[in-house]
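Q: I have not looked at this one before. Can we go through it together, one piece at a time?

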Amino acid sequence: MSATARRIGAAYLRKVGIELQPGDLGSDLEGDFAQAAQQAGLPHPQRELQLVPGRKWTCDFVWPAEKVVVEVEGGTRHGKGRHSRGKGFDEDCRKCFQLNMAGYLVIRVTGTHIQSGEAVDWVRAALALRSAP
C-alpha cells in the first residue's frame, strides 16, 4: 500500500469499502522486505501480530512455528525516526526483551540490510536454525 494510502488512514479506507488485511498499511520498507522475502522463496510470514500479552506492540513479520520475528527499522539513516530516538528506542528495547524472554528470535533490519540482501540471508539462517530437530 502506498504512503498516500497510509496518510488517508485505515478508518477512511474501510468506510469507503476497501478491505484491509493486517499489515496492509505497513511502511514502504516493510513492503520492500516482504517483496524481497517472497522473491527469495522464504515461507510466508504472518504480519502485525501481537505476541506479548498485555502489550499493544505488534511485530512486523512473524514465523510463529519457528518463533522468529523481523522488525523493520525505518528512519535510521538520519537519526530522525521513532526507532532511533528517545522514548521510541526505549520501547523497542523493552519489546525486544519481552519477545526474547518469550523465546522469540528478534531480527532487526534497516533499509540497508534489505537492499543488500542481508536481511533475507539472516532470516533464512534463523528459520533453518529454528527448524532443525
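Q: Is Gln 115 buried or exposed?
A: Gln 115 is exposed, with a relative accessible area of 63%. Buried means under 20% relative accessible area, exposed over 50%, and partly exposed in between, using a 1.4 Å probe and protein chains only.

Q: What am I looking at, and how are things counted?
A: This is a predicted model, where local features need pLDDT of at least 70 and side-chain atom pairs count only at pLDDT 80 or more, while totals for chains, interfaces and linings use all residues. Residues are numbered from 1 along each chain as its sequence is written, and side-chain values use heavy atoms, with hydrogens and water left out.

Q: Which helix is Gln 115 found in?
A: Helix H5, residues 111-116. Helices (H or I, at least four residues) and strands (E, at least two) are DSSP runs, numbered from the N terminus.

Q: How far apart in space are Gln 115 and Ala 36?
A: They are 8.6 Å apart, C-alpha to C-alpha, and 79 residues apart in sequence.

Q: On to H3. Which of its residues are buried?
A: Glu 30, Phe 33 and Ala 37. They sit on the same side of H3, because they cover an arc of only 60 degrees around the axis. The arc is that of the directions from the helix axis to the C-beta atoms.

Q: What do the buried residues of H3 pack against?
A: Strands E1 (46-49), E2 (59-63) and E3 (68-72), plus H5 and helix H6 (118-131). Contact means heavy atoms within 4.5 Å.

Q: And which exposed residues are on the face turned away?
A: Gln 38 and Gln 39.

Q: What follows H3?
A: Gly 41, whose phi is positive, near 80 degrees.

Q: New topic: the sheet. In what order do the strands come?
A: The order is E1-E2-E3-E4, in an open sheet of four strands with mixed pairing. The edge strands are E1 and E4 (105-109), each of which pairs on one side only. Two strands pair if DSSP finds at least two bridges between them.

Q: How many bridges do E1 and E2 pair over?
A: Three, in the antiparallel sense. The bridge partner of Gln 46 in E2 is Val 62.

Q: Which strands do the helices lie across?
A: H3 lies across E1, E2 and E3, at about 20 degrees to E2. H6 lies across E2, E3 and E4, at about 175 degrees to E4. Axes are lines fitted to C-alpha atoms, for helices over the stretch in contact, and angles run from 0 to 180 degrees between N-to-C directions.
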